[in-house]
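Student: I am new to this protein and should like to be guided through it. May we look at the structure together?

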Amino acid sequence: TVNMEHKTKMWEIEQADAVIVGGGPAGLAAAVRLYENGITDILILEREKQLGGILRQCIHDGFGLARFKTTLSGPEYAQKFIDLANEKKIRYLTDATVLEISEDKVITAATPDGLKQWKAKAVILAMGCRERTRGALGIPGERPTGVFTAGVAQAYMNLYNRMPAKEVVILGSGDIGLIMARRMTLEGAKVHTVAEIMPYSGGLKRNIVQCLGDFGIPLKLSTTVVKIHGKERVEGVTLAKVDGHMKPIPGTEEYIPCDTLLLSVGLLPENELTEELGAKMSPVTRGPLVNESMEPSLSGVFACGNVLHVHDLVDFVSQEAALAGKAAAEWLKENRDKVTEADVILEQFGKDTMLIPDGEDDFTVSVPVQISKPFYAWLSSFGADMKVESVNDGPVTLILDTEQLMDTPRRK
């Protein structure tokens with residue numbers, strides 16, 4: 001969270017009808033649908049150096065069967081939407097990490113050029129998800145090199161051309177784990193087994209057949225890792241069967257020598273920004289609760305893709321994001337021309353307004369607009385908090401803290 005009270009450098013807040021947080025498959029599909037529905041002032045903010053999200057490292061095929069009726073690799077699928085976005089000249093900024101989204105839809109992001117802010121009329125949340133790590137599992141043992149999440153190992157191999165393993169055990173039979181079992185095998189590693197704590201696999205049937213069955217890799221169900229051996233580098237793991245309460249069964253332990261343990265133990269929607277916004281969250285999906293328009297409990301904010309709930313197929317992510325983009329476009333058409341009270345006051349305040357001292361602590365100024373209730377806003381031109389209140393239903397009064405104004409420049 002950025003503490004705006006300690007801002008030392010003023011910068012202009014740019015405007016946009018719609019800001020999309022995340023340039024993966026969900027963000028791209030939402031942007032394209034927004035444009036197709038008449039909203040052209042769009043900005044995509046992506047924290048990686050390229051658009052495409054997780055698809056950039058998913059070089060296997062199987063994408064696009066539902067949407068394009070053909071099988072594509074991850075980069076091919078992403079490129080179709082990137083091409084559409086470029087064709088429509090949709091703005092995007094990469095290497096931009098969103099740090100905060102305020103209640104009045106001011107987005108603050110860290111970019112190579114420093115902190116930047118955008119004031120959006122609508123916001124679409126498409127941050128995706130992240131992998132559950134070893135820390136969430138509490139597996140006993142040291143902290144040796146060689147324990148990776150499956151997605152990290154996939155990035156090493158497919159994006160950076162680095163082979164992280166020779167002898168591998170995989171914990172968890174999610175789709176990423178199954179795909180990495182095949183990928184490791186194709187690159188010359190020995191995958192000893194895939195262990196799954198549940199009595200069934202968490203991956204798609206086609207991945208179980210194509211990634212394990214076709215390569216003779218055993219799948220051990222109702223089995224988990226109970227200890228990681230090794231100090232500097234992983235030397236082996238101990239597996240054990242579990243009972244109906246997911247507790248290891250004594251006497252079923254099995255030691256497997258290996259130099260790498262890959263974890264494919266679930267994905268978590270990336271919702272820190274969503275929670276800070278105050279959206280109501282689902283304890284089941286760990287994403288925001290939304291209505292049929294993909295709108296959480298916040299007006300003008302929409303969510304789609306894996307930030308909402310984890311999807312099996314990217315085709316469904318694009319379908320859901322298109323729905324969010326269409327809903328956001330309809331909302332904007334109804335609301336973007338409505339000038340908010342804060343907009344009117346700030347615009348009026350910027351017109352060579354004179355500050356009038358009011359006692360020892362405050363400056364006040366009156367502008368000829370009405371408001372329905374008092375509120376607080378950030379006054380960027382002065383670098384100070386602003387309280388806006390109406391006295392006896394008369395003109396609006398702006399009250400600013402004198403101490404905050406002392407060291408901040410006046411707008412010329």
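What follows is a series of questions and answers on this structure.

Student: What average pLDDT does the protein chain have?
Tutor: The model is a predicted one, and pLDDT gives the predictor's confidence in each residue, from 0 to 100. In the protein chain, 79% of the residues score at least 70. The chain average is a pLDDT of 83.

Student: Over which residues is the pLDDT below 50, with 16 contacts beyond near neighbours in sequence?
Tutor: Where pLDDT is low, the predicted coordinates should not be read in detail. Residues 341-412 also stay under 50, with 134 contacts beyond four places in sequence. The stretch with 16 contacts beyond near neighbours in sequence is residues 1-10.

Student: How many helices and strands does the protein chain have?
Tutor: Buried residues make up 50% of the 412 residues in the chain. Among contacts with a separation of 6 or more, 60% join residues 24 or more positions apart. As for the elements themselves, the chain has nine helices and 22 strands.

Student: Which residue in β2 is the bridge partner of I20?
Tutor: Strand β1 covers residues 13-21, and strand β2 covers residues 42-45. The two strands are parallel and are joined by four bridges. In β2, the bridge partner of I20 is I44.

Student: What handedness does the β-α-β unit of β1, α1 and β2 have?
Tutor: The unit is made of β1, then helix α1 at residues 25-36, then β2. With the strands pointing away from the viewer, a path that runs clockwise from the first strand over the helix to the second counts as right-handed. The unit of β1, α1 and β2 is right-handed.

Student: How far apart are the end C-alpha atoms of helix α4?
Tutor: Helix α4 covers residues 175-186, which makes 12 residues. At 1.5 Å a residue, α4 should span 16 Å, and the distance in the model agrees with this. The end C-alpha atoms of α4 are 17 Å apart.

Student: How many of the 12 residues of α4 are buried?
Tutor: The buried residues of α4 include D175, L178, I179 and M184. What covers the buried residues includes α3, β9, β10, α5 and β15. Helix α4 is mostly covered, and its buried residues number nine.

Student: Is N207 buried or exposed?
Tutor: N207 is found in helix α5. Leaving aside residues up to four places away in sequence, N207 touches D175, L178, I179 and L212. Its relative accessibility is 7%, and the cut-off for burial is under 20%. Therefore N207 counts as buried.

Student: Which residue just after α4 takes a positive phi?
Tutor: The residue in question follows the end of α4. Its phi is about 100°. The residue is G188.

Student: Which are the edge strands of the open sheet of three strands?
Tutor: The order in this sheet is β12-β13-β14, with antiparallel pairing. Each edge strand pairs on one side only. The twist averages 30° from one strand to the next. The edge strands are β12 (223-229) and β14 (254-257).

Key
Residues numbered from 1 in each chain as written. Predicted model: local features only at pLDDT ≥ 70, side-chain atom pairs only at ≥ 80, totals over all residues. Heavy atoms only, no water. Contact = heavy atoms within 4.5 Å. Pairing = 2+ DSSP bridges. Axes fitted to C-alpha atoms, helices over the stretch in contact; angles between N-to-C directions. Expected span 1.5 Å × (residues − 1). Buried < 20%, exposed > 50% of the residue type's maximum accessible area, 1.4 Å probe, protein only.
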